[in-house]
Every structure is written in structure tokens, then in C-alpha cells.
Amino acid sequence: MANQRTYGSGLVRDVDLLEVLALPEARDGLGVSRVAELSGRDKAQVSRALATLADAGLVSRDEHTRAYRPGWRLFALATHATETHLAHLAAPFLRTIVARLNETTHLCVLRAGQVFTLRSELASHAFRGLGWEGVGVDPFTTSPGRVLLSEWDEETVGHWWRTFAGTAAHPLPDLPGAAGEPPPITLDQLAGKLAGIRKRGYETVDEEFEPGLAGVSAPVYGFRGDIVAAVNVSAPKSRLGARLPAAGRFARTVADRISAALGAPG
């Protein structure tokens, strides 16, 4: 029992250090002395604790300034926890879309330049689509992909588009693209589609991603006001094609409800 208490108190102290590194002052990193001062702990203890956290990937140390910042594993854990919460929270809203449109519905996010499905709710009829969870697809020809890109500024969109085409001098490390393969649409076409999403609040595709398939998507906003996911409805064009605008407006309404549940401003 004593060992459990010791471990627990040590864990709490380590969490305290992580909270110090999350302060606004720590934006550019903090040295051991300043972390010790802010946490009220002995400098030698803080140095050992930060070294252990760095070994675990929970903090990172700048080799030049020796300043510590939150590490890659901490961000990975936070992302996983956030996406798990988002998928769970969105489930009943997705079922609302299925009940209204009787079509398969997805919740999608952008990871490393590809669109991934966090959760799917299936319609009762025969068309159920593929099992998209964990499968990445290109965002240019998908409605959720364009929605997820729609808040990016023109320079970022252009840089990424060129990276995808394999023409960027310095490809973005987290947006690998497919070097040498031309994007399926021009940069001007993409810019026009993103502008349309910002204006009407949803996007439609008509056999762009797959022959015979149509879809709509709308953005979900997080508490910071940024787009964190996209609600998507996909179905054969023979069923959804004539309903695309109405389905888009309904998807936008439901996406707004998810955004409100996440604490999005406005």
C-alpha cells in the first residue's frame, strides 16, 4: 500500500510539471530552474522528473536552449482521447440523420493529410458501404475532406496542393501527399469549392469519389471555434442525387448541434 501511495503521489507531481509546461509562459519552452520555481519543487527533483518524462515522450527538450515543452506522446494521447469523446458524443446525432434520410452516415476527421472515419451509423437498407474506420482517403474528391480543409487560408491550401502534386520544394511533414501524382482537381477549382463551403455551410459530391456514389458533408466545430470533424452522408446517386441540397442543409443543422454540444462559440 505504501508503494502505491508513493507511486500515486509521484504521478501527481509529474502531472503538476506537465501543467506548468501548459502555461502561456511556456509557449517557447521552460528551463528546469523556471519549472522548479513555478511548481515549488526542488530543482534536482524536477530535473530528474523531466528527464523521465522526456524518455517517455511526454515532454521534449530543445537541444540548443535546453527548454522543455509538452512532447509528442502527450499530444497523441490527447488526440486519441478527444477523438474517442467526439465519436461517442456524436453517435446519437448521427443516428438522427440516419432516421431522417435513411442513408449511411459517418463522422470524419483529417489526419496526416487524409480523411479518416471515426464512427459510422448504418442505414437499415442494403447499401451499407465499406468499413471505412481506419481507412484513409484523399480529401480532394470527398465532401468531408473539402469541409475539413475549408477553414485553411489560401497559402496553406496552395502549399498542400503543390505538395500533393510533388512540386513543393519543402513538403509539409504531416501532410505527405502522393509525390508525382497530380491532384484530381486544379488549385483554382479547389479554392472555388472551399469558398462555396464557407458560404453555404456544407459540401456535395456527385460521382467524384466513386462512380455512382453521391454525398454531402458539413463541418463540426470544437470549443476553440476550429473545425474538428465533418458529418458525412453517402449513398448511391440513384437515391441521394436529387436530395443533395436538402441533405446538405440537414447535415449542416445536425453538425451545428454537435458543435454546440462540444461548446463551440456561436
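**Entry 1: terms and ground rules.** I start with a definition: buried means under 20% relative accessible area, exposed means over 50%, and partly exposed lies in between (1.4 Å probe, protein chains only). I am looking at a predicted model, where local features need pLDDT of at least 70, side-chain atom pairs count only at pLDDT 80 or more, and totals for chains, interfaces and linings use all residues. Residues are numbered from 1 along each chain as its sequence is written, and side-chain values use heavy atoms, with hydrogens and water left out.

**Entry 2: Glu-121 and Arg-119.** I looked up salt bridges (a side-chain nitrogen of Lys or Arg within 4 Å of a carboxyl oxygen of Asp or Glu) and found 12 in the structure. One of them joins Glu-121 to Arg-119, at 3.0 Å from N to O. Glu-121 counts as buried because its relative accessibility is 13%, while Arg-119, at 29%, is partly exposed.

**Entry 3: Arg-146 and Glu-203.** What separates the closest N and O atoms of this salt bridge? I read 3.1 Å. Arg-146 sits in helix H5 (residues 143–149) and Glu-203 in strand E5 (residues 203–206), so the pair ties together parts 57 residues apart in sequence. Helices (H or I, at least four residues) and strands (E, at least two) are DSSP runs, numbered from the N terminus. Arg-146 is buried at 0%, and Glu-203 is buried at 2%. I also noted a salt-bridge network linking Arg-146, Arg-200, Glu-203 and Glu-208.

**Entry 4: Lys-237 and Asp-206.** Here the closest N and O atoms of the salt bridge are 3.4 Å apart. Lys-237 is in helix H8 (residues 237–240) and Asp-206 in strand E5, so this pair ties together parts 31 residues apart in sequence. Lys-237 is partly exposed at 34%, and Asp-206 is partly exposed at 34%.
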